[in-house]
Amino acid sequence: MPRHVAIIMDGNGRWAKQRFLPRLAGHKAGVEAVRRITRHARTLGIEALTLYAFSSENWRRPAEEIGDLMGLLKHFIRADLDELVRDNVRLRVIGDYRRFAPDVVALVDQAIERTAGNDGPLLAIALNYGAQAELVAAARTLARQSAEGVLAPEAIDADAIEALLETRELPPLDLLIRTSGEYRLSNFLLWQAAYAELLFVDTLWPDFNEAAFEAAVAQFGERQRRFGGL
């Protein structure tokens, strides 16, 4: 059983297009898939689940669609926060979500605060997240510490970098799933995925259900993880 699973939730727009529906309908169906999978992950005993909800590149989308996504995020927090608190879930956010509108930031802050005392499964939501920016920020911090004499250059190692990543409170990434038949990481958890098992499935995200998630976990269990050894 993987401790930490991450998902690139892709295919909402194509799901809607196949049904001659507006893209918003696909995003709404995608939120329902989030509910299904987050609940089932808790049922299976997954320790941490990280979901790629809004990338730093998603700002390139039309303003109307971004507004729709923000509206769905607010609705999800308002509708599901009590359940997360009741189920002892610890919510984390990776990415610069403070770039969002003040009302969205306030809701996210409230959700993080209300679940801060929980000690159960971790649910990490990537909001305005980009792995390259994350690594650049870590490099700048280390460079500044070195220039100030706080850190010797030879002391910079993988552990020093990982301690500055936004996922430092999460277990090592075991399994990364991408839906919709695309075969790329799209600037998501590039460092963390170094030894993760990668699984690309054709299923569009709104159709990704409990059985599909269990099948992905089962595939993980069949793989041999050698981490460079024999």
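Among contacts in the chain between residues at least 6 apart in sequence, what share joins residues at least 24 apart? In this predicted model, the share is 79%.

Start with the elements. Seven helices and six strands make up the secondary structure of the chain. Along the sequence they follow the order β-α-α-β-α-β-α-β-α-α-β-β-α. The chain is as compact as a globular protein of its length, because its radius of gyration of 18 Å is close to the 17 Å that the globule rule gives for 230 residues. The C-alpha trace spans about 60 × 50 × 35 Å along its principal axes.

Now turn to strand 4, residues 122–129. Strand 4 is mostly covered: eight of its eight residues are buried. Under 20% relative accessible area counts as buried here. Strand 4 pairs with strand 2, residues 48–55, through seven bridges, and the two run parallel. In this pairing, phenylalanine 54 stands opposite leucine 127 of strand 4. Strand 3, residues 90–94, also runs parallel to strand 4, and five bridges join them. There, valine 93 stands opposite isoleucine 125 of strand 4.

Step back to the whole chain. Of its 230 residues, 47% are buried.

The chain carries 28 positive and 32 negative side chains. The centres of these two sets lie 4 Å apart.

Definitions and conventions:
Residues are numbered from 1 along each chain as its sequence is written. This is a predicted model: local features need pLDDT of at least 70, side-chain atom pairs count only at pLDDT 80 or more; totals for chains, interfaces and linings use all residues. Side-chain values use heavy atoms; hydrogens and water are left out. Helices (H or I, at least four residues) and strands (E, at least two) are DSSP runs, numbered from the N terminus. The radius of gyration is taken over C-alpha atoms; the globule rule is 2.2 Å times the number of residues to the power 0.38. Buried means under 20% relative accessible area, exposed over 50%, partly exposed in between (1.4 Å probe, protein chains only). Contact means heavy atoms within 4.5 Å. Lys and Arg count as positive and Asp and Glu as negative; His and the chain ends are not counted. The place of a charge is taken as NZ of Lys, CZ of Arg, CG of Asp or CD of Glu. Two strands pair if DSSP finds at least two bridges between them.
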